[in-house]
Every structure is written in C-alpha cells, then in structure tokens.
Amino acid sequence: MEAGGLRCPRQRQVLFLFLFWRVSLAESGFGQYSVTEETERGLFVVNLAKDLGLGDQELVARGARVVFDDNKQHLLLDSHTGDLLTNEKLDREKLCGFTEPCMLYFQILMDNPFQIYRAELRVRDVNDHSPVFQDKETVFKIPENTAEGTTFQLERAQDSDEGLNGIQNYTINPNSFFRVKIGDSDEGMLYPELVLEKALDREKQQELSLTLTALDGGSPPRSGTSTIRVVILDVNDNAPRFSQAIYQTQAPENSPVGSIITKVSAADVDSGVYADISYSFFDASEDIRTTFQINSFSGEIILRMLLDYELVKSYKINIQAIDGGGLSAKCIVLVEVLDTNDNPPELIMSSLSNHVPENSPQTTLAVFRIKDRDSGENGKIVCYIQENLPFLLRPSVENYYLLMTEGALDRESQAEYNITIVVTDMGTPRLKTEYNINVLVSDINDNAPIFTQTSYTLFIRENNSPALHIGSVSATDKDAGSNAQVTYSLLPPQDPSLPLASLVSINADNGHLFALRALDFEALQAFEFLVGATDRGAPALSSQALVRVQVLDANDNAPFVLYPPQNGSAPCTELVPRAAEPGYLVSKVVAVDGDSGQNAWLSYQLLKATEPGLFGVWAHNGEVRTARLLSERDAAKHRLLLLVKDNGEPPRSASVTLHVLLVDGFSQPYLPLPEAAADAAQADPLTVYLVIALASVSSLFLFSVLAFVAGRLCRRSRAAWVGGCSVPEGHFPGHLVDVSGTGTLSQSYQYEVCLMGGSGTSEFKFLKPILPNIQDQGPEGNSDKKPTFGNSSGFNF
C-alpha cells in the first residue's frame, strides 16, 4: 500500500505538468504580425514584452527566442528591449511565389517556466514587378476579306505581384481596325483578345503595328508592352490601273531603230500573282505593229523602223494591261513625229592657199561659202575660227567668207598654224561642220647667224703636228632652209704682221679650226683672230666672233749652261786654297732654260768627281762647295762633271765640266796642262765676239773690280801664272771676290775673276748672268713669254 501510495503522487505531478504545458500552449496562439516586403533589415515589427504583458527584463530572464517553421531567421528578437525586428530584406515573391496571402509561421519560446507562443508574420506585397510578356512581338496574318467582329486570342502577360498589384487590365494603342476585349479564365486570370471592328483593305494598308499594354493595380501602376504585327493578306479584288489614260509623246523623225519612244505604266494594288501585269497592243493596225513593238513586262514602246515625218505625222496606239487574276485595263498612246535638224551645215571651199611668207602684209588665204538644207532655226548658220590666232574671217556676199591674216607673221615665233573653221546652225540640237586648214609660214632671211659664244679661247701645245684640230666655233641661224645654212671663214687679222693664213684654217661647213704648222711657244705665246659666220640667204647675213689661241709650253729646250762657258775655249780652272773650310764656295754653275714654268725649274747634281766626297753641289742654286777639310794628301787637280736638269715631263738636262786646282798660295807657280794650252790656242770666235761686246759695255764695272782685286793681290808675296790664270804670290785668301747676283732660282752666287792668256796680253773676264722675267703664266703654269737676257747674246760682262 505504501508503495502504491508513493507511486501515485509522482503520477499526479507528471500529469499536472503536462496539463500546465497544454494550457500554456493553448494560451499562446495569439500573435499575428505583418510587415511590408522589401523593407530594410532592422525594421521594428512589435514589442513582444508589451504584447505578451511581460516586464522589460523578463524576456531576458526567461531566455526568450524566436524560431520559424522554415528554420530561417527572418525576425530578430532584442531581449533587452523586447523589440521584434526584421533580420533581412524580405521578398514576398521568393518566400511565397503566387500564394496570397503570404504567411510566415514562427514560435516564441521561453524557459523558467517553459512556455511557447505561436505567431504568424504576414508579408504584405508591394508593386515591385512590372507585367512581362514572354514574346516581345506577335505576328498575325489576316486576309483582307476577314469578317468584322472576328476575335483573335492574345498571349497574356506575367506579373510576380499578387492581388491588386497583379495584372488588372489590357489596352491597345488607338487604331481604326482593332480593339482589345478582356476575358476571364476558370482560374480567375485575365486573357486579352483582339477584335476586328472594321474591314481590312490591303491595297490601302498592307500591315498594322499595334502595341498591347498590360497594366497592374499598383500605385503607381506598372506596365509591360508587346508588339502585335498584323500582316494583311491580299485577294484579287483590284484590276490594274494605268497612271494616265492618254499618253502623249513626241519622236524625232531621225530616232534610231531600237530607241524607246515612251513607256506606259500600270499598277495593281494587289500583291503576289495578282499584281503581275503584262502589256500588249489592243486593236492595233498592221502599220502600228510594223512600226512599234511593246515590252510585255516593262511597258516600253520601242521603235522597230525609222519614222518619216513626210509620210506619217502622228500615231494612235491602244495598250492593255492584264494582271495575274485576269483583270485588265486600257490606255491610249499618241505619238507625234517631229521634223528634226538632221542636215548639218556645209562648207564649200572656192580657193585655198596653205603657204604665206613671213613679214607679209594682210593676205587672203581662203575663200569659201556655207549653206544648210534645213529651214527655220535649223537653217540659220554662223561661222567662226579659234581665238588667239593672227587670222580673221571676213564675211562677204551670199554667205561667202574670206580667211585672212591680221598682219605680218614671224616664222621664227611660229612656223605652222592649224586653223579650224567651224560652221554651226541654230537648230536643236545644233549641228556643226569643221574644216581644218594647215597654214605654213615660209621663211625669209631676216635673222643673221649667232655664235654660241662671243669669244672663244682655245689652247694648243707647242710643237704640235700640222693639221691638228684645235677646237671649233659654232653659230646658229633661226631661219630655215638655205637661209639657215651657215658657212665659216677667217676674217683678215687686225694685226697685219700676224701670218694668220699660215697659222690656222677653218672648215667652212662645221667651224672646225686646225693648226697649219707646228707652233713654238718661245716664238709665239698667243694670237687672236676673228671668225665670220655667213648664211646662204639672199641677201646673206653674217656675224663674227673673236678667237684667242694660247700656245702651251712644252719642255722642248734643254738647260743651257752660262758658266762655266762650254764654247770650246781653254777651260777656266777654279783655285781653292788647301786651308779652305768645309762649305767653302768653289764656284757656281749658272744655267738658263728657254722654256717657262716648271719646264724652266732647274736642279743641279754632281755626277762624277776625281775624288768623291771632297766636293758637293747644291741642288737648287748650283753652288759647288767643299764637303770637308782639305789635306796635303788630296790631289792638286780635280775634274768635276755636273748635271743640270729641268723639271719638265720628260725632263731635259745638260752636263758641264768644272776644273778645280788646290793651291797653297799664289807664290806657287802653276803651268797649264798640255792639252789645255793647245785648246787655248784655238779660241772660239764666238767667245771672242761676246767678250769684246760685253767688255765694251761693262768696262767701268770691270775696272773697279780689277782695281779691287789688284789691291788684294799686291799683298801677296809672289805671283805665278798657271793655265792662263793669274795667281798672286803669298797665301791664298780665305775667299774670292763675291758679288751678289741673281741666278736661275733667285739664289746668290759668287763671281770669279780669271786672267786669260795665250795671246800675249792679259785681260779679266767677269760673267754676270741675267735671268728671264717670267710673266703671263699660261693655263698650265708655263710662261707666255720667252726668257730674255741682258742683251742679244744673253750675257753681261
């Protein structure tokens, strides 16, 4: 019993708790809340503490929480304030789709004691979606004879919103043919229908474009559109129609065969085969069918044969047009034949001259007549030639014209003219005839020959071969024919002493100049003459030009040695004291060259010596000097062979022998060598003449020099005569008498005094060369003038 008594209170306690839970559960089914979709997170829905009649902290103490049936936290409970807030932005269409109303169920759970409140949240719809048609364009093909009142079902639009925010109406843009009727389906949906209210006519309007608009009930309402394209199908309810009942056209009588006279055009407002039109003649005569033909597709009327205004002046042609359904229409074509300007003007030449002399006064070249076989404006004609020509047309009687020159013509300005005489009528279109005349201006001799240069400079090297071509002159003549044929000739020289006829000749036909003989630069450096050019006109005209011929130097003269003389007389021996220092001036070779420029530049060279190394020669001035100290072992007599060479191409040269005697002093006797004494006996007559001539001119100068030398010689202890030269006694002075002079290359040199013997008398000989003045250098650096010396023999004593 006790056990049973203990068990019963526990059962009663469990039953009490179960009943309490059921009661609490039953009391909690009260909460109905609502919220608008698309509201932001954190929107206040309700204060649960106040709504449940609980204290502010009781929800926290009892651990209140919100649980939704879909296990998503749509709402958020703030336990501290008791506010129930949205936890996310709610989208009614995603949550409930097309279900209305959209309800979200949730429970409010609390502990201590445990208690559950059932609640529901209604998501109210907002108009956030516009109606949308699945097809943006719908095409209906309706025959034009469809009966009025015919309906056509249209596709409805879709709207994700519900209720008043869903689709409430359909409209169509205003038009004369259709309206929209709205029908209900079994599900309560609205379907639009297109109703034909007026009969269609494809010929007036082949296609309609309608805009169907679906409107929802939102505020403001949203809409969606779709295009309805109504294509009206054709039926053959129209016959062809010509654009004109009567076509009038004109055809010139010279219209070519195959040309299009006119074109008829008919239109059929039907389509397809009902609009295919073919053209043909209707009730046409054989003459019309022979003269014309019609293109059955284009309606072009084509000429089959030439028209003749004189035979038929007009045509009347009946044309019919038939469509593909057999309906037809007719029209009339009137063709007027026009008389045309089919005859061009004519030019009849009476007389013509194609040549006119230049410088002639006004001259008549042609006489002609013009005419036109047409009449009226087509027969009126005008005549003209090109502008800017020195010719004119002068009208005469009966449509005659004269072609004349305006004045004198110049053949040299223009030798030929192409004249086109144009004759045109005044018809439409204008016809013209052209006559071409080629006029040649004949020449007269009114222009003298003109040389290409007023003066010519020609160069020829001396020693040329006879008949050498040295250059040419050229002249031109602006005239023609024989008036332009030029002959050349040499004019008499201005200098009568110039033997021009023996120097040059000229080819009369081409102006080539030739040297008749070899020229010598040393005799003639340049000469001038005049050349004439004469034409073969009548009278002949001529002109002249100056020709200057410059002779170029050639290296045709070898150097000529002035000192020591090489004239076959007794050689002159140079005395050199053994006490002479190195570089002592023994003698100087003086030479000249008859050429000029570099052909006269001389250089000196020692070819052979009795004792090599004892003497040397300076290459540029010919000075012979000792090369070292003299000794007692050196031979007393020395013979030097020297070469004088110019700078020409090829170079020319001359050699000279110089005798040198080494002496201790003037007291030592010197005897001439046997061969020297024999040579002295045979004095060269030319040298004697030169000495006599020069001595007479230079006597005063020689006496002064001799006095000076005699004074010096008296100081010596003894005198000796050796080889015809007077050597004073005593020691040989350290130098000989030097007098500055000018050599071939403007270098100073030493004059030497020798005492000649062999005739029983004694005389001094002093040589002073005088160099040529180099002037008027030619084009190659050569002198234009032959070297000149002090006198005719080239020496000064």
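Predicted model: local features only at pLDDT ≥ 70, side-chain atom pairs only at ≥ 80, totals over all residues.
**Entry 1: charges over rings**

I started with Arg625, whose charged end sits over the ring of Trp618, 4.8 Å from its centre. My rule for a charge over a ring was NZ of Lys or CZ of Arg within 6 Å of the ring centre and within 35 degrees of the ring normal. I also found Lys330 over the face of Phe282, at 4.7 Å from the ring centre.

Residues are numbered from 1 along each chain as its sequence is written, and side-chain values use heavy atoms, with hydrogens and water left out.

**Entry 2: the whole chain**

Next I looked up the totals. The secondary structure of the protein chain comes to nine helices and 55 strands; helices (H or I, at least four residues) and strands (E, at least two) are DSSP runs, numbered from the N terminus. Of the 797 residues of the protein chain, 40% count as buried. I took buried as under 20% relative accessible area, exposed as over 50% and partly exposed as in between, with a 1.4 Å probe and protein chains only.

The protein chain exposes about 42500 Å², and carbon and sulfur atoms supply 52% of that area. The areas come from the Shrake-Rupley method with a 1.4 Å probe; for residues, only the protein chains shown count as cover. I then checked contacts (heavy atoms within 4.5 Å). Among those between residues at least 6 apart in sequence, 66% join residues at least 24 apart.

**Entry 3: salt bridges**

How many salt bridges does a search of the whole structure find? I got twelve, taking a salt bridge as a side-chain nitrogen of Lys or Arg within 4 Å of a carboxyl oxygen of Asp or Glu. Side chains of opposite charge can pair when their charged atoms come close.

I looked at Glu377 and Lys380, which form a salt bridge with their closest N and O atoms 3.0 Å apart. Glu377 is partly exposed at 45% relative accessibility, and Lys380 is partly exposed at 46%.

Glu528 and Arg548 form another, with the closest N and O atoms 3.2 Å apart. This pair links distant parts of the chain, since Glu528 is in strand 39 (residues 526-535) and Arg548 in strand 40 (residues 542-552), 20 residues apart. I read a relative accessible area of 40% for Glu528, which is partly exposed, and 29% for Arg548, also partly exposed.

I went on to Arg628 and Glu611, whose side chains meet in a salt bridge at 2.7 Å, N to O. Here too the pair links distant parts of the chain: Arg628 is in the loop between strand 47 (623-626) and strand 48 (637-646), and Glu611 is in the loop between strand 45 (602-609) and strand 46 (615-617), 17 residues apart. Arg628 counts as partly exposed at 29%, and Glu611 is partly exposed at 22%. I also noted one network, in which salt bridges that share partners join Arg411, Glu412 and Asp443.

**Entry 4: aromatic pairs**

For rings of Phe, Tyr and Trp (its six-membered ring), I counted a pair if the centres lie within 6.5 Å; planes under 30 degrees apart are stacked, over 60 edge-to-face and the rest tilted. By this rule I have eleven aromatic pairs.

The rings of Phe140 and Phe152 have their centres 5.9 Å apart and their planes at 55°, so this pair is tilted. Phe140 is in strand 8 (residues 137-143) and Phe152 in strand 9 (residues 151-153), twelve residues apart. Are Phe140 and Phe152 buried or exposed? I found both buried.

Phe527 and Phe529 make a stacked pair, because their planes are at 25°, with centres 6.1 Å apart. Phe527 is buried at 5% relative accessible area, and Phe529 is buried at 2%. I also listed a cluster in which ring pairs link Tyr33, Phe68 and Phe106.

**Entry 5: strand 33 and a glycine**

Along strand 33 (residues 455-461) I saw the side chains alternate. Seven bridges join strand 33 to strand 40, and the two run parallel; strands pair if DSSP finds at least two bridges between them. The bridge partner of Phe459 in strand 40 is Gln550.

Last, I looked up Gly163, in the loop between strand 9 and strand 10 (167-172). Gly163 is partly exposed, with a relative accessible area of 44%. Gly163 and Gly217 are 54 residues apart in sequence and 8.0 Å apart in space, C-alpha to C-alpha.
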